[in-house]
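Please keep the sequence and the coordinates at hand while reading.

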Amino acid sequence: MRSDRADPPVAFELDGHPVEATAGVSLLEALRDQLGVRSVKDGCSPQGQCGCCTVLVDGAPRVACVTPVARVGGRAVTTVDGLDDADRWADAFAQCGASQCGFCTPGIIMRLSAMIPADRVDRAKVDRALLAHLCRCTGWQTIREACVTVGEETGVTEPSAPTERDLDAAARRAALEGRVAQTVGPDVALGRGGFADDAAPSEALIAVRGPDDDWVVAETLTAARELAGKVQGRRTTAPASHPVDLPDGDWTHTLRTTWIEPAYLEPDAAWCRPGGEPVSPLGNGGAFGGKVTSDVTLVARRLADEHDRPVRVLWSREDTVRHGPKRPPVAIGLRSDGTGVVRAVRPEVIRDVPVPDGVALEWVDVAGPPVSLDLRAAVWAEVAAVHAIATDADTITTPDGAVGAAEIADDGAVRIQVACGEVLDETVLRSYCIGAAHMALGMVRSESVSLDDHGSPLDLTIRSFGVLRSVDTPPIEFAVGASDGPAVNGSDAVFAAVLAAAWRAAGAPDRWPV
């Protein structure tokens, strides 16, 4: 005979304190929604692939989104909020520029903290630990540097004093590079940057997308997903497609690109009170343009008014792939004098793209997911890279006036240089430029999303996009060139320059990824 009695609560220790959580949910949901621990982030739940929700269970790293809360009954769970040396980690990440938006870093810190001081710190060990994580912002190198910094300080009673910096100037540089307001400081690495869903009230309803793109509303995330019939996404072995045909012409250099997922770690989220203003998904960083047109704020306002209660609107990782914009695939043909034609998939909103003189831009319609020119230097950077190779240029200048240069050394190391006006804060500038180099390397070498015959994405897991892991990312050497004038975005110049350098190093084949 079936019993209607609810399962007893699960008791465990959280950051040194006894707590209880409702059974039947993941540890991640119990931590965030029942116990109010918002430093633990939901980047792919429940795929278990991004590492953003990593906590320690009896001292061992565990991904909370695929851990039923029942499995931690009677055990000790530690989050970054309860980490004894959290301040040391936060200072090291701030000093090294190892966090930008700060969404992935609490989980990374938890895993690395379990490794130190038990292991001697070296790149190989750090890279192996980071295999369980993804970061879209930093390019990994600064995270490695922060880990080494903490490892060298192990045993010191107090954290070392952070290097004196003007954090207001650092925030101005971060806003230029990310093109949206961003907080800079030690707390960011601990997940306290101000993400949209972190500030939602505990009494808020939760809305998720249903099977027909309707919105399903429930009291808890588990209930909403059950009502929506959520099915976890999968990856595919289908090959990447290059949907835009090359223009006719006698070209010396040609290139066709595929569908590229922005792969930002924080899925689109917003919340709103009845009659209020919705909290923006651009809480701390703008996903390099990936969330500019997100509908979550409008949905949150509408549903809050309809239900007369605060409502949290949450995209799943699968939602970001199906509905979020991609880089417009392009087909480029250029002559050795730099003239030619570029064709690009037509975005919903078209604006001027600054292409070199003598290059014609044509928009084409193809079946596929939405595309956007808001993504980092979309179309412009691809054209600039091919133009640089065709004309044998050593540098690339952005529409803002920044100048970037890059080369791939024989040992695979990447050397980048940028001149972009007043530096403001070299730590932030370096971090963004190294991250841009990492993104460019992935775009040339490995990143793609496969589609079905109807133009719908088949690759729905965050690991399927081809983002370069730490172990796959070469050393990146950074330098600032002399520059006068006001501060301008510099990482886009580096992004385009590394696209060109990586393509040249691969022999300039006619398709990305190579």
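Predicted model: local features only at pLDDT ≥ 70, side-chain atom pairs only at ≥ 80, totals over all residues.

The secondary structure of this chain comprises 13 helices and 17 strands. The radius of gyration is 23 Å, close to the 24 Å that the globule rule gives for 514 residues, so the chain is as compact as a globular protein of that length. Taken along the principal axes, the box filled by the C-alpha atoms is roughly 75 × 55 × 45 Å.

The packing of two helices may be considered next. Two packed helices are described by the angle between their axes and the distance between the axes. Helix H12 spans residues 426-445 and helix H13 spans residues 491-505; their axes come within 8 Å and cross at roughly 35 degrees. The crossing of H12 and H13 is right-handed. On the H12 side, the contact is made by Tyr432, Cys433, Ala436, Ala437, Met439, Ala440, Leu441, Met443 and Val444. Their counterparts in H13 are Ser491, Val494, Phe495, Val498, Leu499, Ala502 and Trp503. By class, 15 residues of the contact between H12 and H13 are nonpolar and 1 is polar, while no charged residue takes part.

The peptide bond from Ser45 to Pro46 is cis, with omega near 0 degrees. Pro46 belongs to the loop between helix H1 (27-34) and strand S3 (54-57). A cis peptide bond also joins Trp512 and Pro513, where omega is about -5 degrees, and Pro513 is located in the segment after H13. Arg179 has a phi near 60 degrees, which is a positive value in a residue other than glycine. This arginine, Arg179, lies in the loop between helix H6 (167-178) and helix H7 (186-189).

Which classes of residue make up the lining of the largest pocket? It has 12 nonpolar, 5 polar and 8 charged residues.

The largest cavity has a volume of about 200 Å³. Its lining has 19 residues, and those closest to the centre of the cavity are Cys101, Cys137, Gly285, Ala287 and Phe288. By class, the lining of the largest cavity divides into 10 nonpolar, 6 polar and 3 charged residues.

Key:
Residues numbered from 1 in each chain as written. Heavy atoms only, no water. Nonpolar A, V, L, I, M, F, W, Y, C, P; charged D, E, K, R; others polar. Axes fitted to C-alpha atoms, helices over the stretch in contact; angles between N-to-C directions. Helix = DSSP H or I, 4+ residues; strand = E, 2+ residues; numbered from the N terminus. Left-handed = near helix turned anticlockwise from the far one by under 90°. Contact = heavy atoms within 4.5 Å. 1 Å grid on protein atoms, 1.4 Å probe; cavity = no way out; pocket = protein on both sides within 12 Å on 5 of 7 lines; lining within 4 Å. Points joined across faces, edges and corners; volume = space filled by probe spheres on them. Rg over C-alpha atoms; globule rule 2.2 N^0.38 Å.
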